[in-house]
Amino acid sequence: MPRFGRRRGETDTSVPETGATGETPTTDAASERPAVARADRFTVQDLLVEVSHGIGGHTGRLVMTTLGTVLGIASLVVTIGFAQTAAGQIGKQFDAVAATQVIVKPGSTRNASGEETVTARLPWDAPERVERLVGVERAGLIGEVPLGEARITAVPINDPSAPETFSPPLLAGSAGLLDAVRGSVVTGRFFDAGHDERGDRVAVLGERAAEKLGINRVDSQPSIFIGERPYTVIGIVAGVERRPDILDSVVIPLGAARADLGLPAADELQVRIDAGAGGVVAQQAPIALSPNTPENFTVQAPRSGSELQESVQADVNIVFLVLGVIALLAGGLGIANVTLLSVSERTGEIGLRRALGATRRAVAAQFMVESIVIGLLGGLIGAAVGVFAVVGVSLLQQWTPIIDLVMVLGAALLGAVVGLAAGAYPARKAARVEPIAALRSGV
């Protein structure tokens, strides 16, 4: 009787050799076993053929099995993609102002008596110097003007017997100050470089200061008095994001403050920058202001990310990641369940293959590869579905979608890993099927 290993369709036509007496010569056990040709062994090609038949032979089961992986991987990609996109939106909200503002101040030291002494002065042309730097949009000087005993009023009459009226603080600024601090004009206008150079006596009021001074329009050229000097109100400002104290103050040009009130220097330089240019501007601004002694200036520049922003992003990522892992586990259990059911349905087939000489390893390999292929197929489809979902929702909400391509590729390969893990037990169970028991069961 021929042994297993002969090509399908071949018959044993060999005739045993006989000696001169007609008797068959005796041989040992090793010489009686026919050599199995290498082409008769179970190759990788045979494995792929069996896998393709096993997967393609049950289309409905393939769709249901793949659907579980698709949903799991898609959920993972969607959750992580939305987490990154949401973190980006949160970052934009946190950094809308702080990440685009730099403040330069003169350095100071403490003397023996504990008083602070300024070691440098901001040059009057500091805005022009800094605006030449890459990443700087607008710059403006601002300084507090000491009034001494003088007061700011809306009427020229000084009646000692009258009750004390509101006197807002006085600030001096350059022409680009309002743009640098992101302010807006409610009525009128802000003073320009010509007013500053000529030292014109014009003033701009913050909206709260204007309300307390009883000025709500400028078409009639109202005036305020700083001490005994009249200043024409040319505008009222609001919506100041970086220096809200301007809303309670009166702002005059630096030229007028120097000429009339003896302002020695500005207190700080407000710089509006492009997002991400904080580090470069922080290094170059002191050099632009004083090439020989840049260390005499201190710079407040935004960091790459605030601690609060990073904390919120981490919490969002953890929540979405947990949801994605749960969905992925559900998909993996679906693969394991369907693969195990496939083993039960194909017990007869497995027993027949084992009876024809298939090894346990070959049977286990077939089911393992089937699970890996199904998992990889589901991973690829699920990753694509997840990417389209994130992009679609982001476009509808007018967000900026943030998707890590490495994460997407990793999620697709993760489908194969899930298939490998899910098919381990069913493959082991299939390999343990005994041929005789399977054939006798009639399955």
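Reader: Is Gln221 buried or exposed?
Author: In this predicted model, Gln221 sits in the loop between helix 7 (207–213) and strand 9 (223–226). The cut-off for exposed is over 50% relative accessible area. Gln221 has 61%, so the residue counts as exposed.

Reader: What is the phi of Gln221?
Author: Most residues other than glycine have a negative phi. Gln221 is not a glycine, yet its phi is positive, at about 55 degrees.

Reader: Is Arg182 buried or exposed?
Author: Arg182 also has a positive phi, near 60 degrees, without being a glycine. Its place is the loop between helix 5 (177–180) and strand 7 (184–188). Buried means under 20% relative accessible area. Arg182 has a relative accessibility of 17%, so the residue is buried.

Reader: Which residues of helix 9 are buried?
Author: Helix 9 covers residues 278–289 and has twelve residues. From first C-alpha to last, the helix reaches 16 Å, close to the 16 Å expected at 1.5 Å a residue. Its buried residues are Gly278, Val281, Ala285, Pro286 and Leu289.

Reader: Within what arc do the buried residues of helix 9 fall, seen down its axis?
Author: An α-helix has 3.6 residues a turn, so residues three or four places apart point the same way. The buried residues of helix 9 line one face of the helix, because they fall within an arc of 120 degrees.

Reader: What covers the buried residues of helix 9?
Author: Both strands and a helix are included in the cover. Among them are strand 1 (101–106), strand 4 (136–144), strand 12 (268–273), strand 13 (297–300) and helix 4 (126–130).

Reader: In which sense do strand 8 and strand 11 pair?
Author: Strand 11 (residues 250–253) pairs with strand 6 (residues 170–173) in the parallel sense over four bridges. There, Leu170 has Val250 as its bridge partner. With strand 8 (residues 202–206), strand 11 has two bridges, and Val204 stands opposite Val251. The sense of the pairing between strand 8 and strand 11 is antiparallel.

Reader: Which residue lies over the face of Trp124?
Author: A charge counts as over a ring if, among other conditions, CZ of Arg is within 6 Å of the ring centre. At Trp124 the distance from the ring centre is 4.2 Å, and the residue over the face is Arg258.

Reader: How far apart in space are Asn337 and Pro426, C-alpha to C-alpha?
Author: Asn337 belongs to helix 10 (residues 307–345) and is exposed, with a relative accessible area of 54%. In sequence, Asn337 and Pro426 are 89 residues apart. In space, their C-alpha atoms are separated by 8.6 Å.

Conventions:
Residues are numbered from 1 along each chain as its sequence is written. This is a predicted model: local features need pLDDT of at least 70, side-chain atom pairs count only at pLDDT 80 or more; totals for chains, interfaces and linings use all residues. Side-chain values use heavy atoms; hydrogens and water are left out. The expected span of a helix is 1.5 Å times one less than its number of residues. Buried means under 20% relative accessible area, exposed over 50%, partly exposed in between (1.4 Å probe, protein chains only). The arc is that of the directions from the helix axis to the C-beta atoms. Contact means heavy atoms within 4.5 Å. Two strands pair if DSSP finds at least two bridges between them. A charge sits over a ring if NZ of Lys or CZ of Arg is within 6 Å of the ring centre and within 35 degrees of the ring normal.
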